Amino acid sequence: MSQASAPSIEASAPSIDDWRCPVCLEMLCKPVVGACGHVFCFWCKHKSMDVFDKSSCPTCRMPFSNLPAVCEALHYHLGRTYPREYARRLRECHEEEKKTGNFSPNPTPVFLFDFSKINEVIERGVQNRGSEKRLFDFLEAQEPMTEPDMNAIFACTPGMEDVETHVLWEPVVLNCGHAVCKSCASSTLTFGPGSTSLCPCGDCRMRVVGDKMPAMCKLMQRVIEASPIAERVRREAAAREEAARLNAETELAEKEEEDYDDEEEEDHDGEEEEDLEVPAFMPCHAGMAWHGSRDLAFFGGVYIELFEPRAQREI
């Protein structure tokens with residue numbers, strides 16, 4: 001049974017220990033989510049890739065070919081929920097990057113902060129490149145959020161005309177780092193060879209990659225289930241799934257009806273062709289053929305029936 005249709009929700013929010021990377025055992029830094037749903041630091045995932053063979057998840061050994069981008073939802077959630085600890089990790093990562101000269105992707109920094117402070121962040125130039133120290137200091141001074149901003153951080157933009165932006169439920173994270181509901185992904189995106197689907201989130205529009213739909217990110221789902229609005233989000237998700245199911249059934253019925261009409265039309269056309277079929281003819285003198293009481297002349301590959309009396313007709 002889908003979690004969207006579960007009768008009740010009893011979940012505890014992840015503790016700070018749950019946000020440790022399985023590779024470095026430190027707090028996640030710029031988290032990425034693999035197609036298997038497991039979460040790692042960006043650089044830990046990068047270093048686990050095999051340059052000579054197909055790479056595999058360090059936790060479950062599921063193979064993968066593309067390095068995921070930083071998951072923005074988890075990045076912002078960690079910055080707001082554990083600002084001091086996350087600022088320390090970002091500072092450590094940045095210092096290491098300066099030594100190697102290789103820098104990881106940097107999602108829009110302003111969303112690490114409470115929206116009431118965004119104007120102050122912009123005035124201080126914290127979001128500008130080269131202002132990392134100011135960013136870390138300002139983040140370190142921020143008070144932790146007691147409850148996650150579900151509508152701002154964990155929002156699904158499914159890209160469907162009849163479905164508005166809503167809070168994620170059973171989130172899957174695409175290779176571009178954006179998260180969508182599992183049911184929304186199955187309704188709007190295609191996976192595997194030849195897929196032309198694009199990420200529906202905002203201005204991303206990156207091509208969807210992967211042989212199949214990513215697995216649900218359980219860590220993110222735990223955050224959502226532990227929120228005060230979890231029950232409402234679950235009911236809304238169940239309603240969307242039911243609407244999608246009914247819509248799929250309607251489309252299937254319409255297609256079957258169209259196919260039946262096409263078959264009926266083909267059968268009807270076949271019967272008409274049988275009625276108009278010209279029987280075998282006996283050859284006669286030049287350009288003529290005779291059958292029964294009818295005379296037909298063959299001109300330019302076409303049989304033409306002649307209505308003149310046979311005795312008066314000449315070809």
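## Aromatic pairs, a cavity and a buried glutamine

The structure holds 3 aromatic pairs. Rings of Phe, Tyr and Trp (its six-membered ring) pair if their centres lie within 6.5 Å; planes under 30 degrees apart count as stacked, over 60 as edge-to-face and the rest as tilted. Two of the pairs are set out here.

| Pair | Centre distance | Plane angle | Class |
|---|---|---|---|
| Phe42 and Trp43 | 5.2 Å | 80° | edge-to-face |
| Tyr76 and Phe111 | 5.5 Å | 55° | tilted |

The model is predicted: local features need pLDDT of at least 70, side-chain atom pairs count only at pLDDT 80 or more, and totals for chains, interfaces and linings use all residues. Residues are numbered from 1 along each chain as its sequence is written, and side-chain values use heavy atoms, with hydrogens and water left out.

Tyr76 lies in helix H2 (residues 72–81) and Phe111 in the loop between helix H3 (83–100) and helix H4 (118–123), so their pair ties together parts that are 35 residues apart in sequence. Helices (H or I, at least four residues) are DSSP runs, numbered from the N terminus. Tyr76 is buried at 7% relative accessible area, while Phe111 is partly exposed at 34%. Buried means under 20% relative accessible area, exposed over 50%, and partly exposed in between (1.4 Å probe, protein chains only). Phe42 is likewise buried, at 7%.

The charged end of Lys45 sits over the ring of Phe64, 4.0 Å from its centre; this term requires NZ of Lys or CZ of Arg within 6 Å of the ring centre and within 35 degrees of the ring normal. Lys45 and Phe64 are also among the residues lining the largest cavity, together with Gly34, Ala35, Cys36, Cys57, Met62 and Pro63. That cavity has a volume of about 40 Å³, and a search of the whole structure finds 1 cavity of 30 Å³ or more. A cavity is a set of points on a 1 Å grid over the protein atoms alone where a 1.4 Å probe fits but cannot get out, and lining residues have an atom within 4 Å of a point. Grid points are joined across faces, edges and corners, and a volume is the space filled by probe spheres set on the points.

Gln142 is found in the loop between helix H5 (132–140) and helix H6 (150–153), and is buried at 3% relative accessibility. Leaving aside neighbours within four places in sequence, Gln142 is in contact (heavy atoms within 4.5 Å) with Gly79, Arg80, Pro83, Arg84, Leu112, Phe113, Asp114 and Lys117.

Key:
Helix = DSSP H or I, 4+ residues; strand = E, 2+ residues; numbered from the N terminus. 1 Å grid on protein atoms, 1.4 Å probe; cavity = no way out; pocket = protein on both sides within 12 Å on 5 of 7 lines; lining within 4 Å.
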